[in-house]
Amino acid sequence: MKRKIFILHEIYGVNDFIKMQAEAYSNANTTVECISLYSDNRIFPYEQEQEAYEYFINEVGFDAPLEKITKIILEARTHYDEVLLIGFSVGATLAWRLSTLPLQGVVCVYGSRIRQYLDVIPSCPTLVILPSHEKSFNVHELKETFNPFPSVHTRQYLGQHGFMDIHNSNYCYGSYSQAQDEISQFLENKSGQGGLRNEPK
């Protein structure tokens, strides 16, 4: 069985962390591709977080990339048995908005803006990874809003936004390790089974 996984990056671009994620899920049957949301493939250093955020919001946003990514996904569906999507931060919010496409699974890792698109009802198994704390909103309240969604499974880990990224100041090894295992398990199951529950670890 041939599988394709697309990864959508954070505001920083396709940096070392995103490339490491691609390597983590690549194997003999799985091809992983990182989609750059930036036309010039730029990468921002972590010290330029505010500049990176403003660039994404002003130059890209949460609407413009949808058509391009949809075309890429639908094209891949003609060549692969399974197509899955993983997004981090802003990429996770885009992944959430694309979860109505004919995908076999979607993973959204600390996509804080998902809270603005709760009218979207994923049509495939969707794993939402949340930190225990976000600066701008109540994570627990967001987590509760996912309960009525039959195909959505949430996991919450100790830490703040960016806890999976070893290069990020919010990196938390324990939570990273657990979340990485959870994502890998989800990618193999994609059925909502195997311990995926709406409970924090």
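Where is the place of Ser89? I found Ser89 in the loop between β3 (82-88) and α4 (90-97), with helices (H or I, at least four residues) and strands (E, at least two) taken as DSSP runs numbered from the N terminus.

I noted that this is a predicted model, in which local features need pLDDT of at least 70, side-chain atom pairs count only at pLDDT 80 or more, and totals for chains, interfaces and linings use all residues. Residues are numbered from 1 along each chain as its sequence is written, and side-chain values use heavy atoms, with hydrogens and water left out.

Next I looked up the backbone of Ser89, which has a positive phi of about 55° although it is not a glycine. Ser89 counts as buried because its relative accessibility is 10%, where buried means under 20% relative accessible area, exposed over 50%, and partly exposed in between (1.4 Å probe, protein chains only).

I then turned to Asn41, in the loop between β2 (30-35) and α2 (49-60), where phi is near 55°, a positive value in a residue other than glycine. Asn41 counts as exposed, at 54% relative accessibility.

Last I followed helix α6 (residues 173-189), in which Ser175, Ala179, Gln180, Glu182, Ile183, Phe186 and Leu187 are buried. Seen down the axis of α6, these buried residues fall within an arc of 165°, so they line one face of the helix; the arc is that of the directions from the helix axis to the C-beta atoms. On the face turned away from the buried side of α6, I found the exposed residues Tyr173, Asp181 and Glu188.
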